[in-house]
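Take a moment with the sequence and the structure, then follow the questions.

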Amino acid sequence: MSIAFLDGEYMPIEQAKISPMDRGFLFGDGIYEVVPSYAGKMVGFALHIARMKDGLEAIGIQLDWSIDDWATVCNRLISENDPGNLGIYLHVSRGTDTKRFHAFPENIAPTVFAYTFAIAPAPIADKSRVTAKKASTTRDLRWDRCQIKSTALLGNVLHFQHGYAQGSDETLLFNADNQLTEASACNVFIVKNGTVITPLLDNQKLPGITRQIILDVLRNDGQIAVQERIVTMDEVANADEVWITSSSKEIAPITEIDGKPVGDGSIGDIWLAAQTLYSAAKFNY
Ligand code: PDD
């Protein structure tokens, strides 16, 4: 049985109940995070909490929690649940109102929910021990504030489903100018002629923590050239390697996009180098 946290109490997840008047339920009016944890050690904890604070500020939810408050909840959930490979889900909604009215209500307390779920073991930096993934593509039809990790995920859900229905693991998204934005629940990297390239951050992409750590470890290592810039649809189609990155996947190689092989269709050497560096450094973040 999994133990969850809801508004100050720890309880079996089945007993965690919120009101249907919660604005998270009615409007998707909230912010969330997923923090990965392996054998009790979290990756990027402070970075995740900082991003959550930015999101709450961006949408005007006032939550008076310190990073230590979040650490207490996360560590308690890790110890209450099987501490193997966990995603720690953190969710703050604007709270429960007495009526359904779009404007921000005054004097309501945010709802704070957290629980853990099992994630796949971290990828091993070994080509023969990682499963390559397939992706589909579609036009990015989400809103203009994708930098906010909002719980209102219908756009992402529909985009993910588009690929899933075709047997893909993810859907790569392109804006109206045929530029790569991200994927429905991941950031995206390409590799061309040995250079690692990822789209610049703006309001069309979530500033992924995994993305940030990868860029940092590659730059610290200094062996592989790295670029943050516009990535076109043609560049994705002609890339030597394509990766999707997220807290629960780390760096996942894509070897097929819309039924066509990426590069020579096999997992690339630069993926191997990047995942090796990531695996060695991730607990420092
Ligand atoms: N997804 N872009 C989007 C749209 C995402 O939803 C995510 C994460 C990422 C990668 O961010 P990070 O490296 O910080 O996990 C990029 C989470 C895991 C989810 O929704 O479950």
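Q: How do the residues of the shell around the ligand divide into nonpolar, polar and charged?
A: This is a predicted model, where local features need pLDDT of at least 70, side-chain atom pairs count only at pLDDT 80 or more, and totals for chains, interfaces and linings use all residues. Residues are numbered from 1 along each chain as its sequence is written, and side-chain values use heavy atoms, with hydrogens and water left out. The ligand is surrounded by 20 residues (each with a heavy atom within 4 Å of it). Ala, Val, Leu, Ile, Met, Phe, Trp, Tyr, Cys and Pro count as nonpolar, Asp, Glu, Lys and Arg as charged, and the others, Gly among them, as polar, and the shell holds seven nonpolar, nine polar and four charged residues.

Q: How far is a polar side-chain atom of arginine 51 from an oxygen atom of the ligand?
A: Tyrosine 32 has a side-chain N or O atom 2.7 Å from a ligand oxygen atom. For arginine 51, the distance to a ligand oxygen atom is 2.9 Å.

Technical notes: A polar contact is a pair of N or O atoms within 3.5 Å; within protein, one must be able to donate a hydrogen and the other to accept it, and residues adjacent in sequence count only if both atoms are side-chain atoms.
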